[in-house]
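Reader: I am new to this structure and would like a close look at a single part of it. Please take one open space and describe what surrounds it.

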Amino acid sequence: LFGMYAIEAYLPEAGDPARVRDTIQEAEQQAADDTYTGARSSLRTLAAYRRTAGLNRELLTRSLLHESLFVVRYGNLANASTRASSIATRLEQRGNDAPGIDVALAANMLRNGAAGAARERAASAVRTSPADPYAELVAGEAALLDADTAEAAAAFGRALEKGGGARAQWGLARALLAANDPAATDAVVATLTQSPRHVEARIARAQHLAATDWDGAVQLAREASGLVPIDGSRLVAPAGVRANALTLLGRLHLAHGQRSRAREIFEMAIAAAPDNVEALVGAGNTLLHEGRARDALTRYTTLLE
């Protein structure tokens, strides 16, 4: 095994080092806007070169990093967790002797919900790769999972200083939102400035505007849910995120007494994510306000199943 793994670096399947670096750079540029669409594009770019350079260990570690972060942010969509597990096994077979292994393993631990272990490994990655913003990004995600909002904000702030872009900015915003810090409002706005098509930041901004600018909040929620296009195309997000946007939109209409429209939108949210609690509650409350107690009971009962 030692001989086999030592020799494989010289095989064609190990890829061209320069092309590997270019591929990783291209993938990370695609992911730089921190959108679901960008993240999916980056995973496809990495996967495409793994088909011909699947023995390149740097490509494997960076692929494990991005597949794992995708699962952390969006869940196990498009079999990302299966791919991450497969890549982790290939690295383990090689003794985890690979460039960038610390940050890759930290992200993999985070994917598996091991926040404490991920924080320790991410700290090691920061020491070994101090200029890599992804080491700080993983540290921030791990701290956030561990409910340490202060450290999460600090780590995302460092990632931002190291060029982490919108991904670091949105991480900072999420940490501040979780801490109920007033600075969260500016952090959300800054995220949208860096990434104008950021769905989750658009939802957060709509929530901030709900009490003072109903029209603005409704427009942002409609855009986030993909009901209206922006510059000719609709925003794309996972079903759960889209359901959150629709649920917010439903609450906004209900607050203005627009019950029929609110009920219609809550039902759209439930269709997108049938287990969305807020959407089910919203639909039930709307039906109750309309005097449809039996229909409302059906929605409330669903929550107990």
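Author: Helices here are DSSP runs (H or I, at least four residues; strands are E, at least two), numbered from the N terminus. With that naming, α14 gives the largest share of the lining of the largest pocket, 5 residues. The model is a predicted one, in which local features need pLDDT of at least 70 and side-chain atom pairs count only at pLDDT 80 or more, while totals for chains, interfaces and linings use all residues. Residues are numbered from 1 along each chain as its sequence is written, and side-chain values use heavy atoms, with hydrogens and water left out.

The largest pocket holds about 200 Å³ of space. A pocket is an open set of points on a 1 Å grid over the protein atoms alone, where a 1.4 Å probe fits, with protein on both sides within 12 Å along at least five of seven lines; lining residues have an atom within 4 Å of a point. Its volume is the space filled by probe spheres set on the points.

Around the largest pocket stand Glu 200, Ile 203, Ala 204, Gln 207, Val 241, Asn 244, Thr 247, Leu 248, Arg 251, Asn 276 and Glu 278. Two helices, α12 (199–209) and α14 (239–255), each bring at least two residues to this lining. By class, the lining has 4 nonpolar, 4 polar and 3 charged residues. Nonpolar covers Ala, Val, Leu, Ile, Met, Phe, Trp, Tyr, Cys and Pro, charged covers Asp, Glu, Lys and Arg, and the others, Gly among them, are polar.

The two helices also pack against each other. The angle between α12 and α14 is about 20°, and their axes lie 10 Å apart; axes are lines fitted to C-alpha atoms over the stretch in contact, and angles run from 0 to 180 degrees between N-to-C directions. α12 and α14 are therefore roughly parallel to each other (an angle under 35 degrees). They cross in a left-handed way, meaning that the near helix is turned anticlockwise from the far one by less than a right angle.

On the α12 side, the contact (heavy atoms within 4.5 Å) is made by Val 199, Glu 200, Ile 203, Ala 206 and Gln 207, and on the α14 side by Val 241, Asn 244, Ala 245, Leu 248 and Arg 251. This contact counts 6 nonpolar, 2 polar and 2 charged residues. Glu 200, Ile 203 and Gln 207 of α12 belong both to the contact and to the pocket lining.

Note on methods
Angles under 35 degrees count as roughly parallel, over 145 as roughly antiparallel, 65 to 115 as roughly perpendicular and the rest as oblique.
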